[in-house]
Every structure is written in C-alpha cells, then in structure tokens.
Number of protein chains: 2
Amino acid sequence: MTQVLPKKVLVVGLGLIGASFIRALKCRGVDCVFVGSTRSVQTLQNALDTQLIEEGSNDLSSVSASLGKSDVVLIATPTLSVPAALEKLRPAIERGVIVTDAASVKGSVLDAARHIFAEIPPNLILGHPIAGSEKSGLFAADENLYQGQGVILTPLESSDPGALSMVKWLWELTGATVSTMSVEQHDQVLAATSHLPHVLAYSLVNTLARNKEYREIFKHAAGGFRDFTRIAASDPSMWHDIVLANKTAVLKQMDDFSQGLSELRNAIERDDSDALKAIFSRAKKARDDFSLILADREKR
Amino acid sequence: MTQVLPKKVLVVGLGLIGASFIRALKCRGVDCVFVGSTRSVQTLQNALDTQLIEEGSNDLSSVSASLGKSDVVLIATPTLSVPAALEKLRPAIERGVIVTDAASVKGSVLDAARHIFAEIPPNLILGHPIAGSEKSGLFAADENLYQGQGVILTPLESSDPGALSMVKWLWELTGATVSTMSVEQHDQVLAATSHLPHVLAYSLVNTLARNKEYREIFKHAAGGFRDFTRIAASDPSMWHDIVLANKTAVLKQMDDFSQGLSELRNAIERDDSDALKAIFSRAKKARDDFSLILADREKR
C-alpha cells in the first residue's frame, strides 16, 4: 500500500516526545507542514525560532478548527492531559482527522475517550513510543530518539485500517519498529518493565536522600548505582500522571515486587544460602536472556 | 615519601578484580614479579598462558611460605573466602608481609582476622575497590577498570603507616582515587549505594521471571529497564557472599527501603498527588545532585 504524506502534522505538546517526533520526521526528509500546539507561550516561541515547526498556536481549539481530512495529529502531552486535548480536538476527530497519542498508559486514555465520544472514533488510534530519557523538554529533542526503538499501537476492532497504517507508517519513518497489542496487555507490560522500575528508583533515591549525609554517601557510589538510579531523574509530573493513570496495574506490580523482596529478605535473615543462590541465579539467567533480546534488536 | 616497588605482588584469586589489578599495574609499567594463586587449575593455566602472571600456584600455603618482607599480597577472592586465605597467609603476615584485600564487606573480614590473629597485624590493611562489572572472571579483566574509580581503605589506629601508604600507592598506580574511612562507615555506605541496589535489581528480575511469558514482556522493555536491571546479571555467588557478610546493614537498608516504598504505594492508592510529586521531586533533586558529583569526579 502506498502511503500519501499528510498535508499537516499537528503535534500537541512540544516536550521531548513531541519535538523529537518532528525532528525525526524532518531529518528523514518528510515534507509536511509541521504545526505545534502548546500551552506555554515561551515554548511556542522557541519552537518557531528553532524552526521545529512552521506554524503554531497556544489555542488548540482554533488549530483544531483549521484541520482537514488529510492532516494527522499526535497528542504528546503528559498522560493526564490527553483527555483535555481530545476534548478540544473533538470536532476535528468527528470530521475524520486521524489522531494518535503518545501517552505511557492506554487504558486511562481509552476510558477518557469513551466519556468524550459516544463510540470510539475509528480514526483515533492510541499508541505509545517506548522511548524516552531522563531529560525532558523541547531542547532535549533528539532526531534519533526513536531509531531502533519500539512503538506499541493499541487499535480496537472498530479502528479504521487506513488510519492505523498511517500512524504506523509515520512512526516507522522516525526509525521505530511498530507492534500492536491490546490496551490491557500494553498497560500490564509497561507496568512491569517501565512503571515499576521508575517507582523503585524514585523510592530508593528518596529514601536515601532522607539521610542528611546523602551527598557524602553518594560520593562513594559507583557505576552500578549510577545506572540503577538514572531513571529517578525523570520528570516528576510526567511520572505522577503515569502512576495514577495506570494505578491498578502499578499497585499490582508493586505488591508482587514487595512479596518477592520480603522472601529475599527472609532468606538473608536466616542465612539460607540455597534460597539466595536460587534467587540470584534465576535473576541472572533472566537478565542474560534480556541481553540476548537486546543484542537481537540491535542487529535489526 | 618515595615508595619502593615490592619485589613480588601476589594476587590471591584471579577473577575480574584480581586480574584487572595486575593488568592495570602492568600496563602502567609497574615492574614486579606478579604471582597468582587460585584454586582452579584451568584459571591458573589461563593466567600463565596469557602472561597475566609470571608465577602461580594452586597451593596458597606454599606460595605464602616463599614470601618475604618486600612483597605485597592482594586477596581478591569472594568475600566469604577471604578468611581462609588469611589463615593460609598467616605465617607470611606474621613475618611482616603487607597484605590487603578487595572484599566488598569489611566488618566480616575484620571479625575473621580477629579470630585468626591475637591482635590485628599492623601490616594487614583492609580495602575495597568500588569498581566492578556484571562481567566476571579472568577473561573479563580490564586494565582500566580502576581508572578514575574510588578505592576505600579502612585502616585501624594500630595500622602501620608504611603498609597503608604502600597499599594506597599501588591502588593509585592503577588509576584509582583512594580514600579512607572506618570499617563501620564503609559497610553502611556500601549497603546503601551498592548492596541494596543489587538486591533490588535481583529481586525485580526474579519476580518478573516467575511469569512464564517473561521473554515476551522483556521484548517491549526499553533503555530504562536495561540500565535498571544491568546489575542483576552480576555473579550470584559473589553477591550471596556479600549480602550474608554484611547482613545487618543490608537488612536495615532493605527495611528502610520497604518502608519508603510502602509510603509511596499508599500515596498512589489514595491518589495523593501532593505526596507523589513531593517524593518524585525530592528523588529527582537528589539524583541530579549525584550527577553533579559524577561530573565533578570525571573532571579530576
């Protein structure tokens, strides 16, 4: 199937995710009019000044009114702000404009869409690029952020195949590999592989930072600590939204984790060498499996 | 003070730590006879074949008997094997040979030394290079493993200043920065910045790996998960020794962590936005502080 490029690509939210999406498409020669919408006057000015976008506005409703059927919208705001953007884009979506999003949680966005629309519009395709950085904001934008990374789309049975393939194609143009799964599966997989690790890293650093001497303690930390805690420097408001939006799955993962940690704690307390070696060895084997998956991914 | 190189440097245990120590000194032109002692016949052969060492033996007691006052010994075995090595080195230590170690826990080694010797010998200087890798073994040896990294020595009041400066000097020759602190402080700092993160990473991956679909789940994991779990690929028997040797401090850190995690869990459950933002922001600030410490360290 030959795709025809959209006339306009509107990106709502010009942070790391939205701005990197535009940069990735531009640097790969995608010739559309890129339009930005952001609530911040300063960010909009920066986006225009750096020629990230050709057009922009702080008023999403008015931009929405100007969109036609050959345009595509990516909502790249924090998770809990997606519903407000959908509300403002409602007339455009009802006119058939293809809209997708990049929120880290899909169930909460789908729930919000069910409140806004009588039926989920076939041209609304929810998605999530599994890429990010502890850096955030327009100036952290990276044209290679999505290169070789995964994007998960969560179409419904009622989704329009043409809309799905347009969204898939645009993400592939950024260098990403696109897969599809159900909304429920997405939210469970991400709770395990992303939301839980972030929660643990935040909690560890927060607990250590209660010690007044924490800077002195950190002075003696090495590479393991650096890598383990890197994600604790992620944007707090973004992660506030994610853990609340995916609350049920996140709490379930936290409870499973705490039970496992408690078993490990008891094994240490009673000097249970066999149990300790079994836990550490099973973890090492699974992590080595993950290294193979990563190596395989890089080969592609 | 001008240092005179030892005649022989004996390294007990030819894994990542011991072999990297020798490689680091050799590549920086340190001209001693390097002697290796290891229980494995194959490792000894590999060490001789690759010219890591000039002499070697599987029998530490006999090597110990051949050491003189101008020789230096580094015990680089797993933590719980250090006492057995000290026992075999006892005659040499009593003759005044300078001995140090590289175990990740210092309290348990000091306790063992108290059982072996009537008084802690002034020429026994305990230490710990804060460097490592999830890789292990002779063939993972890296001449730059210690470059720019920290080494903590934990001398006692009774320690011989000459022995201390010899050990300090050898580590500095590998490219490391040496600091000193008490045994107790070392074990608490390391429990917080190294032992706890390893325990959490092992526990997370072990818990996730209980799910039969874990390989499928890991396929969708990104860079955050990769970095967060990297240390779960570390050597299980090494970490078995460390958590048992530093049991009290590790359990204390695990309990503090679990209490913090439980507070975070409750904040998520009751949708407490203010508490979540406070926890995530405090963690981000502390992690940003750590980035500054790292940047400062790299400048040196």
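**Figure 1. T174(B), a buried residue in a loop of chain B**. With a relative accessibility of 0%, T174(B) counts as buried (under 20% relative accessible area; over 50% is exposed and anything in between partly exposed, with a 1.4 Å probe and protein chains only). You will find T174(B) in the loop that runs between helix 6 (161-173) and strand 9 (177-180) of chain B; helices (H or I, at least four residues) and strands (E, at least two) are DSSP runs, numbered from the N terminus. The side chain of T174(B) reaches the backbone oxygen of W171(B) at 2.5 Å. Setting aside residues up to four places away in sequence, T174(B) touches F21(B), A24(B), L25(B), R28(B), Y146(B) and Q147(B), where contact means heavy atoms within 4.5 Å. Please keep in mind that this is a predicted model, in which local features need pLDDT of at least 70, side-chain atom pairs count only at pLDDT 80 or more, and totals for chains, interfaces and linings use all residues. Residues are numbered from 1 along each chain as its sequence is written, chains are lettered from A and ligands numbered from 1 in the order in which they are written, and side-chain values use heavy atoms, with hydrogens and water left out.

**Figure 2. A163(A) in helix 6 of chain A**. Is A163(A) buried or exposed? At 0% relative accessibility, A163(A) counts as buried. A163(A) lies in helix 6, which covers residues 161-173 of chain A. Its contacts, leaving aside neighbours within four places in sequence, are with I98(A), P122(A), N123(A) and I125(A). From A163(A) to A191(A) is 28 residues in sequence and 27 Å in space, C-alpha to C-alpha.

**Figure 3. An aromatic pair within helix 8 of chain A**. Over all chains, the structure holds 15 aromatic pairs; rings of Phe, Tyr and Trp (its six-membered ring) pair if their centres lie within 6.5 Å, and planes under 30 degrees apart count as stacked, over 60 as edge-to-face and the rest as tilted. One of them joins Y214(A) and F218(A) edge-to-face, at 5.3 Å centre to centre and 65° between the planes. Both residues lie in helix 8 (residues 214-218) of chain A, 4 residues apart, or about one turn of the helix. Y214(A) and F218(A) are both buried. Ring pairs also link Y214(A), F218(A), F225(A) and F290(B) into a cluster.

**Figure 4. A stacked ring pair between F280(A) and Y202(B)**. The ring centres of F280(A) and Y202(B) are 4.2 Å apart and their planes lie at 15°, so the pair is stacked. This pair crosses between chains: F280(A) belongs to helix 12 (residues 273-299) of chain A, and Y202(B) to helix 7 (residues 183-209) of chain B. F280(A) is buried, and Y202(B) is too.

Methods
Polar contact = N/O pair within 3.5 Å; in protein donor to acceptor, adjacent residues only side chain to side chain.
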